[in-house]
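Visitor: I would like a close look at a single part of this structure, and then at what lies around that part. Please keep the wording plain.

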Amino acid sequence: MGSGATNILVAGVGGQGVILASDIMADTFLEAGYDVKKSEVHGMAQRGGSVSSHVRFGEKVYSPIIKMGEVNYLCVMERMETLRWLNYCSKSTIILMDEVEVNPPIVNLGEMEYPRDIEEILRNNFKNFHIIPAANIAAELGSERAANVVLAGALSMLLDIDQEIWLKSLLARLPKRLHELNKKAFLAGRAALPNF
Amino acid sequence: MLLSGNEAIARGAWEAGVLFASSYPGTPSSEILETIASYKEIKAEWAPNEKDAFMSAMGAMLAGARALASMKHVGVNVAADPFLTVTYTGVNGGFVLVTADDPELHSSQNEQDNRHYAKFAKVPMLEPSDSQEAKDFTKRAFEISEAFDTPVMLRTVTRISHSKSPVELGERTVPDRPIGFVRDESKYVMLPAYARQRHKVIEERLIKLKAFAETFKGNKVEMRETSIGIITGGISYQYAKEIFPNASFLKLGIAWPLPERMIKEFIGKVDKVYVIEELDPFWEENIRAMGYSLDVGKNMVPLCGELSPTILAKVFDPSYKVPEPVYAGPIPPRPPNLCAGCPHRAVLYVLKKNKLYVHGDIGCYTLGALPPLQAMNSSFSMGSSIGVCEGASQVLNKDGQSKMVCVIGDSTFLHSGITPLLNMAFNKANATVIILDNWITAMTGAQEHPGTGYTVTGEETTAVDYAELAKALGVAPANIRKVNPYNIEEFDKVVEEETSKQGTSVIITADAPCVLLRRAITAYNAPLSVDEVSCTGCRLCLELGCPAISWDVSKAGEYKTKDGKVKKRKGTAVIDTMLCNGCGLCYQVCQFGAIRGIKAEIPFGFQLKKKQKNVS
């Protein structure tokens, strides 16, 4: 009953650039000639809240949201957030995860513990699980804020779309002064994914 | 190009030659007017509330322009009074009301289904299923409005408004006719004698609209296998297409009135009829009322909340299973929280400390109902805090009155708080109103309002003086106080004084703009830090619920008191220097001097630009 679309879920914490990363992806897929839908929910004070964005592309896409179990690529900017979206995944989902940890208030208050066994669970359950140290890579290049672009770069290695289309979509969304940094971040993201 | 549903509606309005648009911000509708404001050919306005937005758009329509009012679903309740009469008068220029519904209550206090309004007001309602239709239907709505002399509703939902899909753009065409009034008192003066006649006219109009619905190109019949025929529309169509790729579809682009002949023909061609719609059984009930029996409706499709491909698959696809959780442990939730340095935090902290009963309202501060602040006891609708506080004060005794306050944001106060405050003064209520003036409409993403001094395009304008306004409404000048909430002791004292007074009191927060409002804040303060030697681990600072403060059990052990004694502790507080902006609240709350800044003196709040005041 699947529609044959490719499904990408981008997740993280408010302020990490999840929405921008998903915008760049959606622009790229449209530019590459596909039908595209993208969905996220705005509103409420989202600083520090969970943020996720669904991006779907293919010959024809109906629903803007992905059916649980049908995510092809899960790109996550914060470790624990990966766990929140696993029921959208199947065994064959490719997971790209940054190592960054951001404590939610309930953990800050000491009322719940930050899950400690994330990597082990992901390794045991998903063949295609990759850690992309996106925030560290971006920080080395000059700004941690480009971590979202590093992650988009890593994803681009897995999709058969010309690198130039990605770069065009990326730079079109950023002011000129940030072009050099983000181009580097994107290419570093491509280099960060081990061959498989 | 890719546009969100809201951007596409704005583009459609521009292409339709709209000259005027007004709105009050509200999720998921806010971006419609924000986008319209970027088109310089359209006069765009934030209005004080949805009724004002609606009436202004009505006026522009009356003067011959194509005009649009956009609002969230509950905003239509506010605008309903003029709406249910302008449907009698009809229009001069094209007039479209956009209702942005919020199934699942992503950011709302209810999930009412505004399709009922179309039937109630006897107006047509179009409902797009993606961004292309959002643009096309908006344009078409203006044509229908003028052709049938009726206001037209366009309904979107959060998943249409905030989803992006490809849109082909068109050119702008302004109708070729002069702007100006048409004098016709029997049409535009709704005296009973005239209105009685107009009621007949709109019933006739509805019959014509039913005939039009049969021909509307936004309705689509897609015949495939005939064992199942699905009647659906809007976002539900997209979900159903995923789950029933081989079924036949009747997709309704017009949610009201229904194309009865089209429905009859479709039902005649299929074996089983499914009606798949989000929220209420609106189409289902109306199709049943036509005399058809349906196989699937709300007997299987959930009535509450959003639909999704997952939900429909769970109901209709026996082979579908939601994946088993591979992580068994609890995942700490990450709910929205007040930002580090938020000026609301201090107010809510003081109210909780004094164990007051707090009537809340609609805004970021509603989050103060959640732990650890838990400083809110009621919250209903825009302006209700002051309204219910008035009535409650009239039945409580003096002790009860002094243990109750209401809190309301600046934008919400101007939206619906002025008349309830007038009511308090008028009826001599012994009650205390706290206006949380953060200089902006914060929760919906920083929109201007009549208290900020700026219009939607950033032009300087007059700004309401809340103290003068309260005085004019009849509140005694001695009972009107302005106080900086970052000064906890001072704020606490003022709350104590005003709640013990007779009569209506108004406390207005001063020098406390939204911490994200860079226009107002010239500099944040240096981050504070916890002194590991003297922190007792009392956790009082954690009660502020600041995202920058966390609890570190690894520091459990011994600490030294001021007089040198050694005591045990279970951990210490830690301040995240990346998140802390030195608002100073935790510094004041700490009773052991364990929270410190770079300088000895910690300011109350941030360095500010001067607030815009009464520019003339």
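In β8(B), which residue is the bridge partner of A:S39?

Guide: The model shown here is predicted. The bridge partner of A:S39 in β8(B) is B:S163. This pair belongs to a link between two chains: strand β2 of chain A, residues 35–39, is joined to β8(B) by two bridges, and these strands run antiparallel.

The link is part of a wider contact between the chains. On the side of chain B, 52 residues are in contact with 49 residues of chain A. Several elements of chain B each supply at least two residues to this side, namely α7 (158–161), β8 (163–166), α10, α13 (309–316) and β21 (549–552). The most comes from α10(B), which gives five residues. By class, the side of chain B that touches chain A has 30 nonpolar, 16 polar and six charged residues.

In chain B, four strands form an open sheet in the order β9-β11-β10-β13, and their pairing is mixed. Strands β9 (220–222) and β13 (272–276) of chain B are at the edges and have a single partner strand each, so one side of each has no neighbour in the sheet. On average, neighbouring strands of this sheet are turned by 15° against each other, direction ignored. The partner strand of β9(B) can be named: three bridges join β9(B) to β11 of chain B, residues 247–252, and the two run antiparallel. Within this pair, B:E222 has B:F249 of β11(B) as its bridge partner.

Two helices pack on this sheet. Helix α10 of chain B, residues 234–243, touches β10 (225–233), β11 and β13 of chain B, and its direction makes about 150° with that of β10(B). Helix α11 of chain B, residues 260–269, touches β9, β10, β11 and β13 of chain B, and its direction also makes about 150° with that of β10(B).

Chain B is divided into domain 1 (2–215), domain 2 (220–316), domain 3 (343–509) and domain 4 (527–598). The C-alpha centres of domain 3 and domain 4 of chain B lie 31 Å apart. Between these two domains of chain B, seven residues of domain 3 are in contact with nine residues of domain 4. Helix α14 of chain B, residues 343–353, gives the most to the domain 3 side of this contact, with three residues. That side has six nonpolar residues, one charged residue and no polar ones.

In soluble globular proteins, nonpolar side chains tend to be buried together. The largest nonpolar core here has 155 residues, of which A:V150, A:L151, B:A21, B:A57 and B:A67 touch the most other members. Domain 1 (2–215) and domain 2 (220–316) of chain B each give at least three residues to this core. Leaving out residues up to four places away in sequence, A:L151 touches A:A21, A:C75, A:M77, A:L96, A:D98, A:I132, A:A134 and A:G189. Apart from this core lies another, of 81 residues, including B:C389, B:V506, B:L544 and B:I549.

B:I549 also turns up among the contacts of a cysteine. B:C541 is in the loop between β20 (529–530) and β21 of chain B. With 23 other C-beta atoms within 10 Å, B:C541 is buried, because 20 or more are enough to count as buried. Residues up to four places away in sequence aside, B:C541 touches B:I549, B:A573, B:C586, B:V589, B:C590 and B:I595.

B:G584 lies between β24 (572–575) and α21 (585–589) of chain B. B:G584 counts as buried, since it has 23 C-beta neighbours inside 10 Å. B:G584 touches B:Y486, B:I602, B:P603 and B:F604, again not counting residues up to four places away in sequence. The C-alpha atoms of B:G584 and B:G597 are separated by 8.8 Å, and the two residues are 13 residues apart along the chain.

Methods: Residues numbered from 1 in each chain as written. Chains lettered and ligands numbered in written order. Predicted model: local features only at pLDDT ≥ 70, side-chain atom pairs only at ≥ 80, totals over all residues. Pairing = 2+ DSSP bridges. Axes fitted to C-alpha atoms, helices over the stretch in contact; angles between N-to-C directions. Nonpolar A, V, L, I, M, F, W, Y, C, P; charged D, E, K, R; others polar. Domains from an automatic or database assignment. Core = buried A, V, L, I, M, F, W, Y, C linked by C-beta atoms within 7 Å. Buried ≥ 20, exposed ≤ 12 C-beta atoms within 10 Å, placed from the backbone.
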